[in-house]
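Please look through the sequence and the structure shown here before reading on.

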Amino acid sequence: MNKPLRRIAIFCGLLVLTLLLRDNWLQYVKADSLKDDPNNRRVTIARYSTPRGDIIVSGGDPITGSALNGKTGLNDLKYKRTYKNGPMWAPVTGYASQAFGATQLESIEDGILTGNDDRLFFRKTLDMITGKEQQGGNVVTTLNADAQKAAFEGLKKQGGKGAVVALEPSTGKILALASYPSYDPSSFAGNTNDDAAAWKKLQKKYNPNDPMLNRALRETYPPGSTFKVVTAAAALENGKYTSADEKTDSPLPWTMPGTTTQLKNEGNIPCENASMREALRWSCNTVFGKIGSDLGNDKMLAEAKKFGFGSEQFVPVRSSASVFSDDMNQSQTALSSIGQYNTAATPLQMAMVASAVANDGKLMKPYMVDSLESSTLDPVATTEPEELSRPLSPKNAQILQDMMKTVVEKGTGTNARISGVTVGGKTGTAQHGVENSENPYAWFISYAKLPDGSSPVAVAVVIEDEGANRDDISGGGLAAPIAKNVMEAVIDSKK
């Protein structure tokens with residue numbers, strides 16, 4: 001071959017090599033980013049070309065569906081997502097919208113729901129061979145429909161903002177996850193002008209109630225007196241007190257260290273040197289504030305972390321991390337130990353606190369996806385319960401259970417009593433706003449134990465309500481009845 005021809009051949013070979021490299025770069029290295037590019041309409045077309053699989057609750061009831069999209073302005077999107085009782089289930093499902101994307105389970109499990117997940121390879125291959133239309137798989141949740149209804153209807157009846165989380169203590173299964181006010185994902189599932197208008201009305205800029213905020217997982221509130229359960233656990237675990245009924249070193253009045261400020265109790269209640277049982281029953285700020293101050297920031301922080309504070313939870317939807325600060329002085333630690341100052345918790349976090357106490361000190365990792373399955377109901381993946389930590393020894397957990405039982409039987413939580421069932425709880429009313437100028441949050445955390453000793457449910461309820469009173473009774477008056485109804489729904493479903 002003469003020299004000019006050889007040069008042309010080499011040049012052509014380099015061009016082919018460059019094309020091959022470019023092709024491989026696009027197909028393998030850039031494949032995921034191109035697939036997820038919002039400007040890649042082929043992905044959206046594929047996502048809505050077939051019916052999505054369903055999100056299922058209570059072992060078999062679908063709360064989602066798909067319908068032929070007859071009103072779309074873009075005729076290449078064949079199916080639109082539908083929802084059953086959309087506002088009630090929105091904190092669980094999230095949304096799948098042709099115009100605005102997807103969130104929560106609809107987003108996290110999109111591959112299963114569309115049938116594109118690699119774990120469905122055999123099913124996809126079989127459908128391709130037989131010429132059958134590709135079908136999505138299902139997401140089977142741990143949610144209890146009756147408990148969810150009790151939670152949502154309870155919040156709706158109160159009329160304010162709030163959230164409820166219910167857990168199964170022995171496994172970590174999420175049985176209820178409600179947030180109010182809420183929204184209907186069906187209202188903007190398509191891509192018409194009506195969908196756009198519905199979306200706009202739900203945005204916080206136009207709706208200060210922020211109905212699209214998942215208050216159960218994403219909002220952190222000062223937990224108020226419900227945090228005294230954590231402080232009591234720290235006292236027991238660190239050996240400061242070894243029983244529920246020994247007298248505490250709790251003078252009245254008590255001035256916080258390094259200050260001239262006395263820590264106040266709500267009303268004229270018997271808090272001087274009160275036992276932890278009586279202090280929890282009456283919700284004595286002085287007793288638990290001094291316990292936190294005496295233990296110090298490090299020990300209180302270590303105990304809070306064992307309950308999950310400081311860590312995001314993935315259930316699999318992400319939950320915001322709850323806060324117990326480090327580097328606090330004794331008076332700041334005292335305030336934090338009664339659920340004020342910088343302390344902040346999600347409703348999920350406080351349900352985890354009640355759950356760990358009910359489960360004899362063992363905290364299970366919370367989750368709400370029980371299993372994934374193909375369109376033919378073949379199992380694809382199953383979630384196994386997983387221990388997260390041990391905030392309490394079994395002995396100390398049982399002491400704390402008994403203390404919380406007293407709160408419900410003879411204290412501020414009597415509205416949570418259930419006939420024939422042992423219920424333990426803690427009320428709380430958390431101050432907020434500059435110099436406590438705004439209405440407080442009403443809290444209640446609880447667990448239920450059946451006569452056989454099993455604990456089927458632990459609950460956390462928080463209410464943001466204009467009618468909340470500025471005392472610890474608010475949690476018992478506003479939040480405890482909701483917790484009671486949720487616990488009863490779970491118990492009745494097991495009969």
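Leaving aside residues up to four places away in sequence, V459 touches V164, V165, A166, A354, F444, I445, S446, A483, V486 and M487. The model in which these contacts are found is a predicted one. V459 belongs to the largest nonpolar core, a set of 118 residues, and is listed with V164, M276, F288, F309, M368 and V486 among those that have the most contacts inside that core. Helix α17, which spans residues 473–493, supplies the largest share of this core, namely 10 residues. As background, nonpolar side chains in soluble globular proteins tend to be buried together.

The axes of α10 and α12 come within 10 Å and cross at roughly 50°, which makes α10 oblique to α12. This crossing of α10 and α12 is left-handed, and the contact is made by K228, T231, A232, A234 and A235 on the α10 side and by N285, F288, I291, G292 and L295 on the α12 side.

Beside α12 there is also a covalent link to consider. C271 and C284 form a disulfide in which the sulfur atoms are 2.1 Å apart, and the count of disulfides comes to one. C271 lies in the loop between β11 (262–263) and α11 (276–282), while C284 lies in the loop between α11 and α12 (285–295), so the pair ties together parts that are 13 residues apart in sequence. The torsion about the S-S bond of C271 and C284 is about -85°, and the disulfide is therefore left-handed. Both of these cysteines, C271 and C284, are buried, whereas C12 is partly exposed, with a relative accessible area of 40%.

Another buried position is F152, which sits in helix α8 (residues 145–158) and has a relative accessibility of 7%. Not counting residues up to four places away in sequence, F152 touches P87, M88, A178, S179, Y180 and S182. Although F152 and V486 are 334 residues apart in sequence, their C-alpha atoms are 9.5 Å apart in space.

Some backbone details in the loops complete the tour. A cis peptide bond, with omega about 5°, joins L252 to P253, and P253 is in the loop between α10 and β10. The bond from V315 to P316 is also cis, with omega near 10°, and P316 lies in the loop between β12 (313–314) and β13 (318–319). Y341, which is not a glycine, has a positive phi of about 55°; Y341 is in the loop between α14 and α15 (347–358) and, at 39% relative accessibility, is partly exposed. D360, likewise a residue other than glycine, has a positive phi near 55°, and is found in the loop between α15 and β14 (363–364), where D360 is partly exposed with a relative accessible area of 31%.

Key:
Residues are numbered from 1 along each chain as its sequence is written. This is a predicted model: local features need pLDDT of at least 70, side-chain atom pairs count only at pLDDT 80 or more; totals for chains, interfaces and linings use all residues. Side-chain values use heavy atoms; hydrogens and water are left out. A disulfide is a pair of cysteine sulfur atoms within 2.5 Å. Helices (H or I, at least four residues) and strands (E, at least two) are DSSP runs, numbered from the N terminus. Buried means under 20% relative accessible area, exposed over 50%, partly exposed in between (1.4 Å probe, protein chains only). A nonpolar core is a set of buried Ala, Val, Leu, Ile, Met, Phe, Trp, Tyr and Cys residues joined through side-chain atoms within 4.5 Å. Contact means heavy atoms within 4.5 Å. Axes are lines fitted to C-alpha atoms, for helices over the stretch in contact, and angles run from 0 to 180 degrees between N-to-C directions. Angles under 35 degrees count as roughly parallel, over 145 as roughly antiparallel, 65 to 115 as roughly perpendicular and the rest as oblique. A crossing is left-handed if the near helix is turned anticlockwise from the far one by less than a right angle, and right-handed if clockwise.
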